[in-house]
Amino acid sequence: MSTPESSTAADASVPDDASPGSRRALAVVVAIVFIDLLGFGVVIPILPFYVRSFGVSDVYIGLLAASYSLMQFVFAPILGRISDQRGRRPVLMLSLFGSVVAWTVFGLAGEVEFLVGTVFAVATLFVSRMVAGAMGGNTATAQAYIADITPVERRAASLGLLGASFSLGFIFGPAIGGLMASEPVVAAARDIFPSFIPATRFSLPSFTAASLSLVSLVFAFFFLREPDRKRGPAGQSTTTLVSQFRDALSDDSLRGLVVAFFLVSVAFSGVQVMFIPYAADVYGYNETETALFLTYIGLLGTLNQGVVVGRLARRFTESVLAVVGAVCLAISLAVLPFSPDFGSLLPALGGPSWFTPELLALLLVGALLSFGNGTLNVSLSTLVSASASSEKQGNAFGVTQGSGSLGRTIGPPSMAVFYVLAYWSPFVAGAILLVPVVAILVTLVRRPRPTIS
């Protein structure tokens with residue numbers, strides 16, 4: 001249990017004692033991230049099937065995810081540093097513009113195949129995801145923006161709101177994506193669109209995602225204001241990516257967090273990518289059924305990050321919450337591939353025939369996974385914020401998010417290989433990777449919280 005000096009947020013809501021300007025700025029940045037993430041969620045359920053439509057190996061699904069994360073790894077620290085020097089607003093707007101372009105190009109890959117062949121179509125997918133990754137500074141910059149306008153003791157709640165906006169995107173996004181990919185909507189679009197605009201079950205969700213990012217960009221242009229804060233010194237502009245990571249790894253307060261972000265990202269990104277094949281192969285789920293499960297996870301994530309984490313932060317430090325989240329996530333990953341086996345041990349359920357014990361087991365494991373992931377992510381972000389001075393918030397978030405991007409570069413293709421060898425192995429491997437994360441976070445529980453000016 002935390003002391004008053006070390007406790008974090010009282011609520012996962014805008015603080016009552018915050019100024020009207022701070023509350024408004026927080027609401028605006030959360031809304032911008034939500035709209036953009038809503039577009040991202042639209043495409044998630046159709047992405048593996050889009051890749052498969054070109055007749056290529058499932059390995060390309062993992063490689064496609066890795067290409068995005070590799071570019072994000074390279075550019076996230078750079079964008080974080082630029083946001084410290086030039087401002088949060090221009091970096092956020094640049095990243096949103098990149099999303100508009102990337103999703104539009106992504107939706108045109110089918111037309112590229114028709115015109116010049118499969119090789120160029122697959123290359124189009126990779127180019128679009130690499131552009132999105134290079135400009136994908138939303139998360140780190142939004143986190144730094146919130147850190148600028150929120151007192152240290154309130155950041156867990158405010159960052160929890162940002163995490164909740166992510167989850168909301170995953171609640172409504174997949175549902176919208178499934179709707180846009182449905183045959184009636186595709187048929188209606190073909191009647192409405194001019195002949196040069198493709199209307200397919202893959203292009204429509206992609207164009208919808210691009211449209212949502214465009215809405216977010218326009219919203220940012222008119223309503224997002226640059227926060228008042230202390231800027232980093234201009235001389236830092238010559239700092240390289242390597243030197244940023246070297247400095248972070250030499251900093252006792254950041255070293256463990258950078259490593260933790262990396263390991264968590266390797267584990268969780270690989271599981272995310274391979275869950276859809278797992279759901280199809282083990283549970284026999286199609287796109288719609290998988291989207292429904294993702295919506296369920298998103299709903300739980302919103303409750304966890306928007307409500308539960310803030311209330312837990314009243315009583316426990318972010319270090320303790322991070323440990324709890326990591327342990328819960330590790331257990332859920334280890335159990336997830338064996339959900340049908342655990343479900344078979346449960347008694348028969350009443351109600352609809354589709355509500356089987358095996359499904360109940362999957363829902364319970366998913367709930368634990370959502371709680372663990374939400375608690376861990378918010379707590380890690382809060383620890384990063386508390387470990388950096390006010391003029392280096394963007395740099396700190398950029399480096400840690402960059403380490404996460406490197407993990408997301410390695411995780412998906414590695415876990416795809418594991419999945420081919422044994423369907424359960426990527427999930428168990430993810431759980432094993434979280435063991436050293438727990439060890440790192442346990443050391444932080446006993447460490448005094450730094451005082452950041």
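The structure is a predicted model, in which local features need pLDDT of at least 70, side-chain atom pairs count only at pLDDT 80 or more, and totals for chains, interfaces and linings use all residues. Residues are numbered from 1 along each chain as its sequence is written, and side-chain values use heavy atoms, with hydrogens and water left out.

Helix α4 covers residues 88–107 and helix α3 covers residues 59–86, helices here being DSSP runs of H or I with at least four residues, numbered from the N terminus. The axes of α3 and α4 come within 9 Å and cross at roughly 155°, where axes are lines fitted to C-alpha atoms over the stretch in contact and angles between N-to-C directions run from 0 to 180 degrees. That angle makes the two helices, α3 and α4, roughly antiparallel, a term for angles over 145 degrees. The crossing of α3 and α4 is right-handed, that is, the near helix is turned clockwise from the far one by less than a right angle. In α3 the residues that meet α4 include L64, L79 and I82, and their partners in α4 include P90, V91 and L94, contact meaning heavy atoms within 4.5 Å.

On α6 (residues 118–134), the axis comes within 8 Å of that of α4 and crosses it at roughly 170°, which makes α4 roughly antiparallel to α6. Here G98, A102, W103, V105 and F106 of α4 meet T124, L125, S128, R129, V131 and A132 of α6. By class, this contact has 7 nonpolar, 3 polar and 1 charged residues, with Ala, Val, Leu, Ile, Met, Phe, Trp, Tyr, Cys and Pro counted as nonpolar, Asp, Glu, Lys and Arg as charged, and the others, Gly among them, as polar.

Helix α10 (residues 203–223) also has an axis within 8 Å of that of α4, at a crossing of roughly 160°, and α4 and α10 are therefore roughly antiparallel. The crossing of α4 and α10 is left-handed, the near helix being turned anticlockwise from the far one by less than a right angle. The residues of the contact of α4 with α10 divide into 13 nonpolar, 7 polar and 1 charged.

The largest pocket holds about 340 Å³ of space, a pocket being an open set of points on a 1 Å grid over the protein atoms alone where a 1.4 Å probe fits, with protein on both sides within 12 Å along at least five of seven lines, and lining residues having an atom within 4 Å of a point. The volume is the space filled by probe spheres set on the points, which are joined across faces, edges and corners. Of the 14 lining residues, Y283, Y285, E289, W354 and L359 are the closest to the centre of the largest pocket. The largest share of its lining, 4 residues, comes from α13.

Terms used. Angles under 35 degrees count as roughly parallel, over 145 as roughly antiparallel, 65 to 115 as roughly perpendicular and the rest as oblique.
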